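Me: I have a model open and would like to learn to read it. Can we go through it feature by feature?

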Amino acid sequence: MNIGFIGTGVMGAAIAEHFIDAGHDLTVYNRTRQKAQKLIDKGAKWAVTPKIIADRTDVIFTMVGFPKDVESVYFGANGIFAGLKPGSIVVDMTTSTPSLAIKINKEAHTHNSLALDAPVSGGDIGAQKGALTVMLGGDESAYQQLSDLFDLIGKRVNYFGAAGSGQHTKMANQIMIAGTMTGLTEMLVYAKNAKLPLDQVLATLSSGGADNWSMENYVPRILAQDYTPGFFAKHFLKDLRIALDEADKMGLDLPSTKLAKQLYETMVEQANLGDDGTQGLIKTYEKWKD
Ligand code: NAP
């Protein structure tokens, strides 16, 4: 298949590599070219704008950072819609807003093309292993046409319905992760101050009712003082804001998600640690530091 890929950061580069490894023809674009170099070395072609990618490929994946990045990649003067051919499929894997997914889907239809919102979970490791969870919304026939591609990158790929429903599912996921990240952080602060051996605490909790993906993946990184992303804290704060905004539109109050958002605001905006991984939240706890 002739595939375009825009946004070759932590997640995008790992996902795109599976397409190359499976023998697909790949053309890539990223704001900073250097982050696409490994893919280019493996045979991907480079394009200088999203518009050129749209003109040269049939299926275009995007995995950029924030909704504003998605806006510019799709709707900018040199964006995808400036070059999209009829019969194309666009797939946005960025964690973004349901409303933007709907806007992209509508615009794709005016180009006689199809669109999917396809946010993922499973982190950097899941992307490298091709073991992501993919949450789809948008045109079901596009999902059917691309199911072999999704199987290359995901261990579970579920379709939820109309445009935006993939993003809503991802928000449900992030509301859950808010609890597991704050839980693992405060668990460690407590265990440390109780003077317990933290590696043994992790081994014990991992075999009991407290077991969860965040703890298994991020506690070992904290114990190794590894705060590299993984999953950027600035992106998690973006997700919590989207989730609370959507909840607000539904007339929902989610107090514990609001508290997680405040804690990540402290980390990202006051402590200036937005480029750390989400596990860096623990650095904002005084009683962890000494
Ligand atoms: P990342 O490493 O920052 O990757 C984003 C990439 O998009 C960067 O390489 C960036 O370019 C590029 N980009 C941004 N705006 C662009 C534009 N206008 N034109 C072209 N390229 C642009 O972040 P990531 O960790 O891969 O995350 C990407 C998305 O996936 C985020 O929405 C995040 O919330 C979501 N997500 C992440 C994880 C995770 O564990 N990492 C898990 C699930 C979902 P530069 O190189 O110039 O910065």
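Reply: Let us start with one residue. The model is predicted. Ser 121 has a relative accessible area of 16%, so it is buried; the cut-off for buried is under 20%.

Me: Where does Ser 121 lie?

Reply: Ser 121 is in strand β7, residues 120-121.

Me: What is the relative accessible area of Gly 166?

Reply: Use the cut-off again: under 20% is buried. Gly 166 has a relative accessible area of 0%, so it is buried. Gly 166 belongs to helix α8, residues 165-193. Now look across the sequence. Gly 137 is 29 residues away along the chain, yet the C-alpha atoms of Gly 137 and Gly 166 are separated by 4.3 Å.

Me: Which side chain makes a polar contact with the side chain of Asp 276?

Reply: For a polar contact, look for N or O atoms within 3.5 Å. Here the partner is the side chain of Lys 283, at 2.7 Å.

Me: Now the aromatic rings. How many aromatic pairs are there?

Reply: Rings pair if their centres lie within 6.5 Å. The count here is 12 aromatic pairs. Take Phe 19 and Phe 61. Their ring centres are 5.0 Å apart and their planes meet at 40 degrees, so this pair is tilted. Phe 19 is in helix α1 and Phe 61 is in strand β4 (residues 59-62), so the pair links distant parts of the chain, 42 residues apart. Phe 19 and Phe 61 are both buried.

Me: Why is the pair of Tyr 29 and Trp 46 tilted?

Reply: Planes under 30 degrees apart count as stacked, over 60 as edge-to-face, and the rest as tilted. The planes of Tyr 29 and Trp 46 are at 40 degrees, so the pair is tilted; the ring centres are 5.7 Å apart. Tyr 29 is in strand β2 (residues 25-29), and Trp 46 is in strand β3 (residues 45-46). The two are 17 residues apart. Tyr 29 and Trp 46 are both buried.

Me: Which residues form one aromatic cluster?

Reply: Phe 5, Phe 19, Phe 61, Tyr 143, Phe 150 and Tyr 159 form one.

Me: On to the ligand. Which residues come nearest?

Reply: Being near takes a heavy atom within 4 Å. There are 27 residues around the ligand, and Val 10, Met 11, Thr 32, Gly 65 and Lys 238 come nearest. By class, the shell has 9 nonpolar, 12 polar and 6 charged residues.

Me: Which parts of the chain supply the shell around the ligand?

Reply: Domain 1 (2-162) and domain 2 (168-289) each give at least three residues. Helix α4 gives the largest share, 3 residues.

Me: And the atom pairs? What lies 2.5 Å from an oxygen atom of the ligand?

Reply: A polar side-chain atom of Thr 32 does. In the side chain of Asn 30, an N or O atom is 2.9 Å from a ligand oxygen atom. Gly 9 uses its backbone: an N or O atom there lies 3.5 Å from an oxygen atom of the ligand. Then check the cover. The ligand alone exposes 890 Å², and the protein buries 93% of that.

Note on methods:
Residues are numbered from 1 along each chain as its sequence is written. This is a predicted model: local features need pLDDT of at least 70, side-chain atom pairs count only at pLDDT 80 or more; totals for chains, interfaces and linings use all residues. Side-chain values use heavy atoms; hydrogens and water are left out. A polar contact is a pair of N or O atoms within 3.5 Å; within protein, one must be able to donate a hydrogen and the other to accept it, and residues adjacent in sequence count only if both atoms are side-chain atoms. Accessible areas come from the Shrake-Rupley method with a 1.4 Å probe; for residues, only the protein chains shown count as cover. Helices (H or I, at least four residues) and strands (E, at least two) are DSSP runs, numbered from the N terminus. Ala, Val, Leu, Ile, Met, Phe, Trp, Tyr, Cys and Pro count as nonpolar, Asp, Glu, Lys and Arg as charged, and the others, Gly among them, as polar. Domain bounds come from an automatic or database domain assignment. Rings of Phe, Tyr and Trp (its six-membered ring) pair if their centres lie within 6.5 Å; planes under 30 degrees apart count as stacked, over 60 as edge-to-face and the rest as tilted. Buried means under 20% relative accessible area, exposed over 50%, partly exposed in between (1.4 Å probe, protein chains only).
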